Amino acid sequence: MAAVTLSELTKVYPNGFEAVTDLSLSLADGEFLVLVGPSGCGKSTALRMIAGLEKITSGDLFVGERRLNDVAPKDRDIAMVFQNYALYPQMTVADNIAFPLRLRKVRKTERNEQVRQAARVLELTDYLERKPAQLSGGQRQRVAMGRAIVRRPELFLMDEPLSNLDAKLRVQMRADIAGIQREFGVTTFYVTHDQVEAMTMGDRVAVIKDGLLQQVDTPEDLYARPANAFVAAFIGSPSMNLYEATLSRADEPDGDCLLTLGDQRVTVPASVIAAQPALAEYLGRPVVVGIRPEHLEDAAVATEHPDDQRIDAVVDVREALGAETLVHFNLNAQAVDSGDPDALDEMRDTGRCTARFAAATRARVGDRIRVNVDVRHLRFFDRHSHEAIAAAAS
Ligand code: ATP
């Protein structure tokens, strides 16, 4: 186990393509860090540089005190778990787990003891004599983890280890892997394109796009205080709604502001503006406003809400999910492309806005409704750079 430091790691492939640019990250000893981003953003390249499977073009990699840039993969004391578990089919579970120990010529009694211990934590004790073909996908994945764990590596690398599992098993394995990691306390670098996986498993989550680190934070902070519009849209499902808007001072002495969103206006109280001091510079100028779907509420079934913090909408699509109902409507305002291909799909019709209503909503397709906007949770971004304007108070 060790702390890990990536310092300005860059990868330029032989064809000149720069897949990772100046990636700097630190993992504390025992930390579970998830690197997440859309397909092709450089996640696997980063992981493969750490494993030693890709040469580092520039920058430094430290595991503990050791600089590993020029250390061969087999000498790095790093264990990897991939999506295809690569178990030996002719060997039993016990022999598969024991394999790395056998390679290191660990004595049989000690080997058996370590396999027994790993099997207990991995809940594989009853399966030790089976062959991989007689196991479920989740069990096979646990055997692969067992094989990695018995080596007691300084660092665990996992590249989308759950992508071959069905949805239900994936949920179970997320919890299992996080639990096993905690139990063994091995520093872990985990790569996925799935933001739910990232948010539920990581102590911290690093978001990467086009080879560039966007933000690294705890899941809670990433969600509440995204550093830019891309992170805002990428983290959370359904995505945050992002629009061009204007914030201006209202003609009132109390310092309230007006948010103009297409042809609608919402009052943003002075207290909200005061909590985000950097916003003062943006008054009167176009900004990007971000509204999470759960911060929009059907006024017809809600308790009190200030009348000047509402918008009007005509329901376009309604998706009743049981515990909640997603309602989509068009806002006569310009939707913003955050750079996340999936989020843009959801908003492709200009102005498509998604709200997460309580199941009690009676809103039906075609209804004209009033929607409460929880203005305390609005996020604002610079219109050109898409950087967050202020670290907003939650
Ligand atoms: P995915 O989630 O789809 O696996 P990823 O984020 O892991 O994607 P990488 O596999 O790291 O992405 O690839 C990053 C970029 O580098 C991609 O645009 C890819 O096409 C490119 N790339 C990968 N390997 C090479 C290579 N050997 N030569 C040139 N370009 C490469």
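**Exercise 1. State the volume of the largest pocket and describe its lining.**

Solution. 
1. In this predicted model, the largest pocket has a volume of about 620 Å³.
2. Its lining holds 23 residues, and those closest to the pocket centre are Ile78, Ala79, Met80, Arg147 and Arg151.
3. Assign the lining to secondary structure: strand 6 (78-81), helix 2 (93-103) and helix 4 (137-149) each supply at least two residues. Strand 6 provides the largest share, four residues.
4. Sort the lining of the largest pocket by class: 16 residues are nonpolar, one is polar and six are charged.

**Exercise 2. Identify the residues around the ligand and list polar contacts to its oxygen atoms.**

Solution. 
1. Helix 1 (residues 43-51) gives the most to the shell, with three residues.
2. Apply the polar contact cut-off of 3.5 Å between N or O atoms. A polar side-chain atom of Thr45 lies 2.5 Å from a ligand oxygen. For an N or O atom in the side chain of Ser44, the distance to a ligand oxygen is 2.7 Å. Cys41 contributes a backbone N or O atom at 3.0 Å from an oxygen of the ligand.
3. On its own the ligand has 640 Å² of accessible area, of which the protein covers 61%.

**Exercise 3. Give the strand order of the four-stranded open sheet and name its edge strands.**

Solution. 
1. The order is 2-1-4-5, with antiparallel pairing.
2. Strand 2 (18-27) and strand 5 (66-67) each pair on one side only, as edge strands.
3. Strand 4 (residues 58-63) pairs with strand 5 over two bridges, and Phe62 stands opposite Arg67 in strand 5.

Conventions
Residues are numbered from 1 along each chain as its sequence is written. This is a predicted model: local features need pLDDT of at least 70, side-chain atom pairs count only at pLDDT 80 or more; totals for chains, interfaces and linings use all residues. Side-chain values use heavy atoms; hydrogens and water are left out. Two strands pair if DSSP finds at least two bridges between them. On a 1 Å grid over the protein atoms alone, a cavity is a set of points where a 1.4 Å probe fits but cannot get out, and a pocket is an open set with protein on both sides within 12 Å along at least five of seven lines; lining residues have an atom within 4 Å of a point. Grid points are joined across faces, edges and corners, and a volume is the space filled by probe spheres set on the points. Ala, Val, Leu, Ile, Met, Phe, Trp, Tyr, Cys and Pro count as nonpolar, Asp, Glu, Lys and Arg as charged, and the others, Gly among them, as polar. A polar contact is a pair of N or O atoms within 3.5 Å; within protein, one must be able to donate a hydrogen and the other to accept it, and residues adjacent in sequence count only if both atoms are side-chain atoms. Accessible areas come from the Shrake-Rupley method with a 1.4 Å probe; for residues, only the protein chains shown count as cover.
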